[in-house]
Amino acid sequence: MSNNSGNVLVALLTGAVVGAGVGILYAPDKGMKTRKKIKNSALKAKEDISASISNAKDEFTKSAEAKKMEFEEKLEDTLSNMSYKADDIIVALEKKLEDLRKKNAQLQK
């Protein structure tokens, strides 16, 4: 879940809680009934926020795992390519060394 969608979700939930609270406070009920409604609304909002946080955490974990796997694959590819390049360099150096040995042998004659 991106940071913007997380902010939007929090804003929507906050608006819903505030709206429910204002609606309950202006409803023509007795004090005890109003307090009970406020408590129930607060508990519902708490459950909604907890579920949203849990979902965001799950999405973040999935995203982090995917990025980790992608990184490991790229690292493995890079190491493999480096290994091939190192082999190529060794072969080129060995060829150069052999050429130098031949030139040295000719100069020794």
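Ser-52 is placed in helix α2 of what is a predicted model. Its relative accessibility comes to 14%, and because the limit for a buried residue is under 20%, Ser-52 counts as buried. Once the neighbours within four places in sequence are set aside, the residues in contact with Ser-52 are Leu-9 and Leu-13.

Helix α2 itself covers residues 31-108, and Leu-97 also has its place there. With a relative accessible area of 42%, Leu-97 is partly exposed. How far apart are the C-alpha atoms of Leu-97 and Asp-58? The separation is 58 Å, for two residues that stand 39 residues apart along the chain.

A search of the whole structure for salt bridges finds two. In one of them, the side chains of Asp-48 and Lys-44 meet at 2.9 Å, taken from N to O; these residues are separated by about one helical turn, because they lie four residues apart in helix α2. Asp-48 is partly exposed at 28% relative accessibility, and Lys-44 is likewise partly exposed, with a relative accessible area of 46%.

The side chains of Glu-70 and Lys-74 also form a salt bridge, with an N to O distance of 3.3 Å, and here too both residues belong to helix α2, four residues apart, or about one turn of the helix. Glu-70, at 34% relative accessibility, counts as partly exposed, whereas Lys-74, with a relative accessible area of 51%, is exposed, because the exposed class begins over 50%.

Terms used
Residues numbered from 1 in each chain as written. Predicted model: local features only at pLDDT ≥ 70, side-chain atom pairs only at ≥ 80, totals over all residues. Heavy atoms only, no water. Helix = DSSP H or I, 4+ residues; strand = E, 2+ residues; numbered from the N terminus. Buried < 20%, exposed > 50% of the residue type's maximum accessible area, 1.4 Å probe, protein only. Contact = heavy atoms within 4.5 Å. Salt bridge = Lys/Arg side-chain N within 4 Å of Asp/Glu carboxyl O.
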